[in-house]
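This report describes one protein chain from its atoms. The sequence and the model are shown first, and the notes follow.

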Amino acid sequence: MLKSCCKTNMLQHWSENMDDKITFTITRRKLTELIMALVALFFAGGALASILKYLWPATSAKGDAAEIKIANADEVPTGSARKFMFNGKAAVLLHMPAGFRAFGSVCTHLGCISYWKEDEGILFCPCHLGKFDPNTGAVISGPPPSPLPAIDIVVKEGAVYALKWKDPAYVRTISFYAGAA
């Protein structure tokens, strides 16, 4: 008898609590403040990320100690080319009769990507018809003001590796290679 009395009391207490509803009303002002706070938080996060990236740059951007495998030597037959990325810039590996050569393939004129034109045996920039020597990267004809930057490469264990820019000071002077040296 006592047990049923307490049970009834407890149920009565819960039912009283069920009447206490939690109401959450939001006004347009509160909603606007909430949205503005989220937008401000978004921009603050972007600014913080930029500052952190400036203070701790990626180590691969240094470019001095990079050894990037470009291809196996037998994958690039004599007279052909292979595109690759070096220090964040487009580059090209050429297999000439005298051996392998590698150059940055961003044209020094307006930053277009030059490519190997096998029928003419040159590196060709399609934007303004710039032509580069495949052995030295020197300008043969067209508007490019300076040669393509050369990349030191090494062939070991049957593979070709890119090591570093041959002349990092020269690479720093070319505006389209900013940050690559």
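Lysine 131 has serine 141 of S8 as its opposite number. Strand S7, residues 130-132, is joined to S8 by 2 bridges, and the two run antiparallel. Strands here are DSSP runs (E) of at least two residues, helices are DSSP runs (H or I) of at least four residues, and both are numbered from the N terminus. Two strands count as paired if DSSP finds at least two bridges between them.

The model is predicted: local features need pLDDT of at least 70, side-chain atom pairs count only at pLDDT 80 or more, and totals for chains, interfaces and linings use all residues. Residues are numbered from 1 along each chain as its sequence is written, and side-chain values use heavy atoms, with hydrogens and water left out.

S7 and S8 belong to an open sheet of 4 strands, in the order S5-S6-S7-S8, with antiparallel pairing. Strand S5 (115-117) and strand S8 (139-141) are the edge strands, each pairing on one side only. On average, neighbouring strands of this sheet are turned by 40 degrees against each other, direction ignored; the axes behind this angle are lines fitted to C-alpha atoms, for helices over the stretch in contact, and angles run from 0 to 180 degrees between N-to-C directions.

## Salt bridges

The structure holds 4 salt bridges, a salt bridge being a side-chain nitrogen of Lys or Arg within 4 Å of a carboxyl oxygen of Asp or Glu. Side chains of opposite charge can pair when their charged atoms come close. Lysine 131 and glutamate 120 form one of them, at 3.7 Å from N to O. This pair links distant parts of the chain, with lysine 131 in strand S7 and glutamate 120 in the loop between S5 and strand S6 (122-125), 11 residues apart. Glutamate 120 also forms a salt bridge with lysine 117, where the closest N and O atoms are 3.2 Å apart.

Glutamate 120 is partly exposed at 39% relative accessibility, and lysine 131 is partly exposed at 26%. The cut-offs are under 20% relative accessible area for buried, over 50% for exposed, and in between for partly exposed (1.4 Å probe, protein chains only).

Another salt bridge joins the side chains of lysine 156 and glutamate 67 (2.9 Å, N to O). Lysine 156 lies in strand S9 (residues 151-156) and glutamate 67 in the loop between H2 and strand S1 (68-72), so the pair ties together parts that are 89 residues apart in sequence. Lysine 156 is partly exposed, with a relative accessible area of 35%, as is glutamate 67, at 43%.

Strand S3 (residues 89-96) is mostly covered, with 8 of its 8 residues buried. In a regular strand the side chains alternate between the two faces of the sheet. Lys89, Ala91, Leu93 and His95 point one way from S3, while Ala90, Val92, Leu94 and Met96 point the other way, and all are buried.

Strand S2 (residues 80-86) pairs with S3 in the antiparallel sense over 7 bridges; alanine 81 has leucine 94 in S3 as its bridge partner. The S2-S3 hairpin has 2 residues between the strands, and asparagine 87 in the turn has a positive phi of about 50 degrees. Valine 92 has phenylalanine 103 in S4 as its bridge partner.

## Two buried residues

Alanine 102 lies in strand S4 and counts as buried at 3% relative accessibility. Leaving aside neighbours within four places in sequence, alanine 102 is in contact with Phe84, Val92, Leu93, Pro149, Ala150, Ile151 and Ile153, where contact means heavy atoms within 4.5 Å.

Serine 114, in the loop between S4 and S5, counts as buried at 2% relative accessibility. Not counting residues up to four places away in sequence, serine 114 touches Ser105, Phe124, Cys125, Pro126 and Leu148.

## The whole chain

The protein chain has 3 helices and 10 strands. Of its 181 residues, 29% count as buried. Among contacts with a separation of 6 or more, 44% are between residues 24 or more positions apart.
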